[in-house]
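Hello,

I am passing a structure on to you today, and my notes follow below it. Please have a look at it first and then read on.

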Amino acid sequence: MNHTPPLFLTARWVIGPDGPMENGCVHIEDGRILGVCPRHEVPATLFEDAPNAEHRDLGEACIMPGLINAHCHAPMAILRGVADDMELLTWLEKGVWPLEKEFTREMTFLGAMLACAEMIASGITCFADMYVWSVEIARAVEAVGMRAVLSEGLLGFPTRTYGSVEESLALSRSFMEEFRNHPLIRFAPAPHTAFTTVSKQLVESYAMAGEFDAPWLIHAAETASENARVQELHGQRTIPFLDSLGCLGERSVLVHAVDLTDEEVEIIAARGAKVVHCPRSNWKLASGMAPVHGLAEAGVTVALGTDGAASNNTLDIFGEMRAAALGAKVREMDPTALHAPQALAMATRNGAATLRLPFSGTLAPSQPADLCVLNLAAPHLQPCHDPVSHAVYAAQGSDVCLTMVAGHVIYDHGAFLTLDYPALLDAGQEIAAHMREIMDRQERQRCEDARPQDSD
């Protein structure tokens with residue numbers, strides 16, 4: 001890495017590894033954090049005397065760890081709002097999959113670019129993604145300068161990128177090898193579900209994750225109907241079935257984990273598997289309320305994800321923190337369930353642990369300088385007695401004024417520094433018009449198919 005001059009960020013609040021500190025300072029150099037301390041502990045002459053040092057005072061703001069979106073389908077940003085108010089399997093089979101069949105590589109790339117722009121503007125510095133044409137998502141991530149854990153979704157039937165189960169596994173392996181040493185991107189195996197894949201994919205992809213020391217991502221126990229399908233196919237519900245295959249362990253990442261029995265929570269905890277909680281997507285699809293408090297109480301590491309913009313409909317982790325905390329309180333009928341520091345940890349250090357990232361997800365010395373800054377001057381964030389409380393219960397993604405990855409500022413007070421947003425917006429409008437044409441054509445075809453045929 002090229003040497004960069006020291007950078008000192010100061011603000012009214014800093015959420016450091018030991019919690020919030022008032023009037024704090026973050027010292028950054030060569031893409032890493034060298035120190036976090038109260039402003040008064042910094043020698044008065046340091047800002048002036050350090051050669052080529054830059055001091056940026058962010059004022060009435062809070063410097064906090066970059067947020068980690070532990071589950072997303074980034075290209076689905078171009079499907080935002082086109083298949084609302086449906087149950088999950090209907091949403092997939094009647095709303096989403098017919099439209100996704102029309103996607104091109106360029107649409108996948110542009111959808112990912114729109115999602116990346118949305119995420120960095122709301123303080124997300126890293127995300128995990130499961131989709132097809134994942135190399136196009138990697139191209140978007142590189143262009144924007146984010147971190148990502150990407151996956152070519154594994155399905156037990158042909159897709160646009162592979163024609164067989166064997167080809168799906170070979171493609172996943174090729175991406176993991178290609179990006180093994182990438183500074184910002186890594187790949188992980190990701191079977192779609194236990195009922196849309198075959199056992200060979202589950203077992204061999206899990207072994208592949210161990211070979212590459214990668215997480216193993218899967219949608220699991222998202223709904224009662226999913227568990228019923230897995231029961232019908234394999235004679236067991238999702239969690240016991242995965243366990244019977246030897247696919248539950250410390251690298252297993254169970255996305256959603258909504259429809260769980262108490263015994264299944266115990267199995268997840270005993271195996272050291274992780275869970276990604278996507279509350280707003282689960283609620284919108286009426287999948288249920290995950291037992292996130294019970295999982296945490298059992299010792300399970302729980303991270304947060306947005307899911308795709310087609311089912312959320314935003315990629316705002318601040319909203320997920322608030323939903324996770326409030327939902328847990330309602331589910332347990334206990335206002336002490338899942339307090340604010342726990343919710344913030346789910347969006348930061350738990351995400352790093354879940355995705356097996358080589359850093360802690362905190363603003364700690366020696367860690368990568370991945371951070372975001374909340375503008376606390378807005379009326380709904382005043383006064384600020386506790387920035388952690390505000391981050392979870394009051395803030396929203398649009399309150400973020402700066403996002404940094406590896407010491408590089410990529411979003412700064414409305415300016416996207418690594419992408420041409422006006423051009424991206426124009427491309428997005430063109431895609432929207434194209435998608436409307438596709439939807440009109442598909443609707444005409446459905447009407448034609450439903451019309452009674454004349455008989456001789």
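Two strands pair here if DSSP finds at least two bridges between them. Helices (H or I, at least four residues) and strands (E, at least two) are DSSP runs, numbered from the N terminus. Strand β12 (residues 252-256) and strand β13 (residues 274-277) run parallel and are joined by three bridges. Within this pairing, Val255 stands opposite Val276 in β13.

A word on the background: this is a predicted model, in which local features need pLDDT of at least 70 and side-chain atom pairs count only at pLDDT 80 or more, while totals for chains, interfaces and linings use all residues. Residues are numbered from 1 along each chain as its sequence is written, and side-chain values use heavy atoms, with hydrogens and water left out.

Now to the sheet. β12 and β13 belong to an open sheet of four strands with parallel pairing, in the order β11-β12-β13-β14. The edges are β11 (216-220) and β14 (302-304); each has a single partner strand, so one side of each is left without a neighbour in the sheet. On average, neighbouring strands of this sheet are turned by 30 degrees against each other, direction ignored. Axes are lines fitted to C-alpha atoms, for helices over the stretch in contact, and angles run from 0 to 180 degrees between N-to-C directions. Helix α6 (residues 199-212) packs on the sheet and touches β11 and β12 (contact means heavy atoms within 4.5 Å). The direction of α6 makes about 140 degrees with that of β11.

Next, the aromatic rings. Rings of Phe, Tyr and Trp (its six-membered ring) pair if their centres lie within 6.5 Å; planes under 30 degrees apart count as stacked, over 60 as edge-to-face and the rest as tilted. By this rule there are six aromatic pairs. In one of them, the ring centres of Phe103 and Tyr131 are 6.4 Å apart and the planes stand at 45 degrees, so the pair is tilted. Phe103 lies in the loop between α2 (88-100) and α3 (105-120) and Tyr131 in strand β7 (residues 124-131), so the pair ties together parts that are 28 residues apart in sequence.

Tyr206 and Trp216 form an edge-to-face pair, 5.3 Å centre to centre with 85 degrees between the planes. Tyr206 lies in helix α6 and Trp216 in strand β11, so this pair links parts that are 10 residues apart in sequence. Phe175, Phe179 and Phe187 form one aromatic cluster.

Enjoy exploring it!

Best wishes
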